[in-house]
Amino acid sequence: MALLFSQPYPCPPPLSSSSSCCRRNTTTLLLSSSFLQPIRAHQLVAPLRKNAININMVVVSMSLEAGIGVMGTKLGMMTYFEPDGKVVPVTVVGFREGNIVTQVKSEATDGYNAVQVGYRRVRDKKLTKPELGHLNKIGAIPMRHLQEFRLVSVDGFLPNQRLSVDDLFKEGDLIDVSGTTIGKGFQGGIKRHNFKRGPMTHGSKSHRALGSIGAGTTPGRVYKGKKMPGRMGGTKTKIRKLKIVKVDNQLRVLMIKGALPGKPGNLLRITPAKIVGKNIPKN
Amino acid sequence: MTTLGHPEKTDSLDESSSVSDVPLRIKFKRPDKTARHIMQILDKEAVEEVREQREIPDIQPGYIVQLKVVVPENKRRLSTLKGIVIARRNAGLHTTFRMRRMVAGVGVESVFPLYSPNIKEMKVIDKRKVRRAKLYYLRDRMNALK
């Protein structure tokens, strides 16, 4: 019984998803065979592109990136003087060896368009055999981090292609940067959720305590998601629309206005800023 | 596309390893140390660039200096300020000094970044002999070293 149940289960989802994909395609442009024949799909790239956007809008629009991004390493913060004397606090982001395309995922092979990028070269023995095998398949150097950038179209990306930061980002561009924040441990409600403090004197006994966490007998429980003390930090966060102040080509360094998550040495993911209606389609 | 470590070195190692089958061990530096190194280079470069453009005298606590400062709020007018330096904070490019002067009988303290492009000219007028790094005691004196 268990065998029967487990066997058919993994099979249907890919089948159904591919069939639904084709159906969606037929309804939009009547190109149902394009996914079955990748060569023809390549020939019809230009007329297909608009169609591809439509499909992605239906399937996923949340995790789409505005363009291909790179991974970087936070180096620290410093001051930058603008010519008119304004002081700009900037975070310096460096790049270690890497930012190589390791895999190009397309609608035909994986059901979505994405570019997988590797970052930070390590020794062979630092990686597991499956990781090494994946990288050796395209002849790439062993790299610690692999991340995917989901794109509308993956034309022009080849495996083992080096992404150059100078080409991708220019001074004055807006970018989104995501990374892991500094872990702050177990924190109370005041620091974690910006709660108000109680009076410290005048006979008050609730100094930094939480206060009420809900009504009484009705509902007779604490609602899910109630903001309470707990672990703070150490989570992934994305800071949006940061401006690139300076690109140093010699040192291969980006200077980004404002603070970035984590301490120096932290892994960062830098992508062009997502602006709805401009480079991300409106829903 | 690397900043940390030595990209040329690793590249050459890469080629040699592809030529000979014996894999060479590539040295990997600790990221935090190399990160600090790059920050130091950036800071030093920025300071040198400013020093090339403008002459910046050695400003120490106890010096009486005259500054010509562009005030962006006041239609970018050039104003001359004269006062005594009571503190200096060394932080590379972000080095600042604190200047105290009397304006209409009221003591005014202002902090200036040493390498700010707003400071057009810096002149040391007098050097007072002081025995402190921070001359905050001048705040309590009515006639501060004058």
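Ile256(A) touches Val90(A), Thr91(A), Val93(A), Ile175(A), Val177(A), Leu242(A), Ile244(A) and Val245(A), residues up to four places away in sequence not being counted; contact is taken as C-beta atoms, placed from the backbone, lying within 7 Å. The model is predicted, so that local features need pLDDT of at least 70 and side-chain atom pairs count only at pLDDT 80 or more, while totals for chains, interfaces and linings use all residues. Residues are numbered from 1 along each chain as its sequence is written, and chains are lettered from A and ligands numbered from 1 in the order in which they are written.

Ile256(A) is also one of the residues with the most contacts inside the largest nonpolar core, together with Val93(A), Val115(A) and Val117(A). This core has 40 residues. A second, separate core of 14 residues includes Tyr63(B), Leu67(B), Leu93(B) and Met99(B). A nonpolar core is a set of buried Ala, Val, Leu, Ile, Met, Phe, Trp, Tyr and Cys residues joined through C-beta atoms within 7 Å. A residue is buried if 20 or more other C-beta atoms lie within 10 Å of its own, exposed if 12 or fewer, and partly exposed in between, with C-beta atoms placed from the backbone.

In chain A, an open sheet of three strands has the order β3-β4-β5 with antiparallel pairing. Strands (E, at least two residues) and helices (H or I, at least four) are DSSP runs, numbered from the N terminus, and two strands pair if DSSP finds at least two bridges between them. At the edges stand β3 (98-105) and β5 (143-150) of chain A; each has a single partner strand, so one side of each is left without a neighbour in the sheet. Neighbouring strands of this sheet are turned by 25° against each other on average, direction ignored; axes are lines fitted to C-alpha atoms, for helices over the stretch in contact, and angles run from 0 to 180 degrees between N-to-C directions. Six bridges join β3(A) to β4 (residues 114-121) of chain A in the antiparallel sense. Within this pairing, Ile100(A) stands opposite Gly118(A), and Lys105(A) has Ala114(A) as its bridge partner. Seven of the eight residues of β3(A) are buried, so this strand is largely enclosed by the rest of the structure.

Leu210(A) lies in the loop between α8 (189-193) and β8 (230-232) of chain A. Leu210(A) is partly exposed, with 16 other C-beta atoms within 10 Å. Beyond its neighbours within four places in sequence, Leu210(A) is in contact with Gly189(A) and Met228(A).

Chain B contains two helices and five strands, in the sequence pattern α-α-β-β-β-β-β. Of its 146 residues, 16% count as buried. An open sheet of five strands in chain B has the order β4-β3-β2-β1-β5, with antiparallel pairing. Its edge strands are β4 (106-113) and β5 (119-127) of chain B, each pairing on one side only. Strand β1 (residues 63-71) of chain B runs antiparallel to β5(B), to which seven bridges join it; Tyr63(B) stands opposite Lys127(B) in β5(B).

Between the chains, 25 residues of chain A are in contact with 25 residues of chain B. On the side of chain A that touches chain B, β1 (70-81) and β2 (87-94) of chain A are the elements that give two or more residues, and β1(A) gives the most, with six.

Technical notes
Two residues are in contact if their C-beta atoms, placed from the backbone, lie within 7 Å.
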